[in-house]
Amino acid sequence: MMFNFRICGSLILFALMVRGSAAWLGYNDLAADPDSYSRLAVTWAATGTFGFEGESGVSATAFRPPLYPWLLSWFVDDAEVSQVAVAVLHVLLGCATVVLTYAIGCQLQLRSAAIAAIAVTLDPILLRQSQLVMTETLATFLAVMAWWLWLIAYSTKSFSHCDANLREAAHRAATSRSATQWIAVIGFGLVLGISILARPTAAPLALMCAITALFVGCTCWKRRVNDCVLICLGVLVCIVPWMLRNYSELGKPIWATTHGGYTLLLANNPPLYRHFIKNGPSRAWEAEEFQEAWSVRVSLEDEPLNEIGQDQLAYRAALSTIARMPTVFVASCFYRVGWLWALWPHDGSFGVTEVLIAVWYLVSFGLAYVSLKQLWRKRALRDWLVGLLVIVSLTTIHSIFWSNMRMRAPAMPCIMLLAVAVLPTARLRSAEDTNAT
């Protein structure tokens with residue numbers, strides 16, 4: 001299916017209306033700063049240092065990834081991040097995500113690409129996260145950008161079932177690459193690296209994509225190795241400066257954040273394990289007991305711990321809990337996957353809103369599953385690899401670290417594209433399609 005600019009324009013207008021309305025309705029929520037991104041942005045804008053300001057001055061930090069606070073730092077006015085600017089940023093990122101979803105659908109030869117874009121516009125998780133000062137809106141945009149670049153870089157045709165003449169033609173085509181494709185390969189690596197600076201959970205995705213590049217693409221193994229190296233270099237170009245900065249400021253070349261230990265411990269601590277033993281996968285767990293116990297644990301250390309020391313202590317405590325209760329840990333991994341892919345949000349009640357959200361995701365997941373089976377049967381998964389790797393990487397990392405529904409946001413465009421691919425009006429690209437051409 002060819003990219004239709006008229007349809008794209010209509011989708012942009014629809015996304016502006018829906019996401020703009022969501023921003024207006026949730027405008028007051030943008031004043032909250034649950035993860036201290038606005039606080040970091042204000043300090044960065046005022047002092048030029050990525051850190052927290054306290055009584056003794058500004059202390060450099062790596063507690064949060066830097067990309068989102070850096071973006072917010074451009075919107076600081078009078079020692080505050082402009083709520084209007086954040087709302088506009090999220091609306092624009094949301095609209096760009098919708099356009100890229102439509103573009104990906106066209107490249108996948110889905111006649112229902114516009115329906116997938118509409119579904120991404122209306123998705124409850126993406127809508128809600130666009131109302132909060134958090135990284136999901138940015139991370140989702142970067143995920144679809146990476147997928148789009150992958151599709152530009154690599155041919156969408158499979159020649160495994162072609163006759164000898166077609167295979168020879170394919171080989172000749174595979175030994176050359178346009179400038180656009182070269183740029184797309186390089187851009188793909190850079191976007192993966194930038195994604196890590198937005199959310200470190202993108203690191204497993206980057207690793208999986210680099211490995212995948214070794215096995216797909218042209219028939220020349222040297223070209224595949226070259227692509228893998230280019231992708232890795234693109235990632236390193238983005239994260240090495242962050243590592244050098246952390247080595248200079250904190251004395252350790254941290255590539256992610258100093259928050260990983262806490263999120264691992266939050267997902268693997270004795271109070272939560274006792275909850276799992278008693279209540280199974282129930283999401284009705286309050287973290288107050290854990291937080292109090294953690295505060296006491298930190299205060300009992302012989303010397304005051306900086307954030308690196310606290311991060312390392314949290315890792316040791318989490319691993320100790322896992323080692324003492326391995327059976328519960330295994331069960332908890334499945335529970336956390338269930339939390340990640342839950343049908344409705346848990347807020348202590350179950351009303352009309354929760355029912356509608358549950359129906360939305362039940363239908364979406366059901367259609368996506370049927371579509372995935374068809375793609376597998378037709379051996380047509382290659383073009384879907386990056387989207388599927390987003391799903392796999394998020395599921396894997398959040399089966400071990402802390403998990404909830406919002407953390408699957410970057411995977412929702414792929415889910416919606418899969419969901420519409422099975423519709424009667426959609427056409428899946430398959431090996432049979434290639435033979436027909």
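Colleague: Hi! To start, how many helices and strands does the protein chain have?

Modeller: Hello! This is a predicted model, and its protein chain has 20 helices and 4 strands.

Colleague: What is the radius of gyration, and what does the globule rule give for 437 residues?

Modeller: The radius of gyration is 23 Å, close to the 22 Å that the globule rule gives for 437 residues, so the chain is as compact as a globular protein of that length. The C-alpha trace spans about 75 × 50 × 50 Å along its principal axes.

Colleague: What percentage of the residues count as buried?

Modeller: Of the 437 residues, 51% count as buried. The accessible surface comes to about 20700 Å², and 65% of that belongs to carbon and sulfur atoms.

Colleague: And the contacts along the chain: what share join residues at least 24 apart?

Modeller: Taking contacts between residues at least 6 apart in sequence, 77% join residues at least 24 apart.

Colleague: Let's move to helix packing. At what angle do helix 7 and helix 18 pack?

Modeller: Helix 7, residues 136-153, packs against helix 18, residues 385-398, at an angle of about 145°. Their axes are 8 Å apart.

Colleague: Nice. Which residues make that contact?

Modeller: From helix 7 there are Ala143, Ala146, Trp147 and Trp150, and helix 18 brings Leu385, Val386, Gly387 and Val390. By class, the contact has 7 nonpolar residues, 1 polar residue and no charged ones.

Colleague: What about helix 10, which of its residues are buried?

Modeller: Helix 10 runs over residues 203-212, and its buried residues are Ala203, Leu205, Ala206, Cys209, Ala210 and Thr212. What covers them includes helix 7 and helix 18 again, along with helix 9 (179-198) and helix 11 (221-250).

Colleague: Helix 5 next. How many of its 10 residues are buried?

Modeller: Helix 5, residues 113-122, is mostly covered, with 7 of the 10 buried. Those are Ala113, Ala114, Ala116, Ala117, Ala119, Val120 and Thr121.

Colleague: What covers them?

Modeller: The cover includes helix 1 (5-25), helix 4 (83-107), helix 6 (124-129), helix 17 (352-377) and helix 19 (412-421).

Colleague: Can we zoom in on Thr121? What is its relative accessibility, and what does it touch?

Modeller: Thr121 lies in helix 5, and at 0% relative accessibility it counts as buried. Not counting residues up to four places away in sequence, Thr121 touches Phe14, Ala15, Val18, Arg19, Val98 and Leu127.

Colleague: Changing topic to the strands: in which sense do strand 1 and strand 2 pair, parallel or antiparallel?

Modeller: Strand 1 (residues 51-54) and strand 2 (residues 57-60) pair in the antiparallel sense, over 4 bridges. A hairpin joins strand 1 to strand 2 through 2 residues.

Colleague: Which residues in strand 2 stand opposite Phe52 and Gly54?

Modeller: Phe52 stands opposite Ser59, and Gly54 stands opposite Gly57.

Colleague: And Ala60, is that one buried or exposed?

Modeller: Ala60 lies in strand 2. With a relative accessible area of 18%, Ala60 falls under the 20% cut-off and so is buried.

Colleague: What is Ala60 in contact with, then?

Modeller: Leaving aside neighbours within four places in sequence, Ala60 is in contact with Thr49, Phe50, Gly51, Arg245, Glu249, Leu250 and Glu307. The C-alpha atoms of Ala60 and Asn246 are separated by 8.6 Å, while the two residues are 186 residues apart along the chain.

Colleague: What is phi of Asp78, and where does Asp78 lie?

Modeller: Phi of Asp78 is near 55°, again positive in a residue other than glycine. Asp78 lies in the loop between strand 3 (76-77) and strand 4 (80-81).

Colleague: Is Asp78 buried or exposed?

Modeller: Asp78 is exposed, with a relative accessible area of 69%.

Definitions and conventions. Residues are numbered from 1 along each chain as its sequence is written. This is a predicted model: local features need pLDDT of at least 70, side-chain atom pairs count only at pLDDT 80 or more; totals for chains, interfaces and linings use all residues. Side-chain values use heavy atoms; hydrogens and water are left out. Axes are lines fitted to C-alpha atoms, for helices over the stretch in contact, and angles run from 0 to 180 degrees between N-to-C directions. Contact means heavy atoms within 4.5 Å. Ala, Val, Leu, Ile, Met, Phe, Trp, Tyr, Cys and Pro count as nonpolar, Asp, Glu, Lys and Arg as charged, and the others, Gly among them, as polar. The radius of gyration is taken over C-alpha atoms; the globule rule is 2.2 Å times the number of residues to the power 0.38. Buried means under 20% relative accessible area, exposed over 50%, partly exposed in between (1.4 Å probe, protein chains only). Accessible areas come from the Shrake-Rupley method with a 1.4 Å probe; for residues, only the protein chains shown count as cover. Two strands pair if DSSP finds at least two bridges between them.
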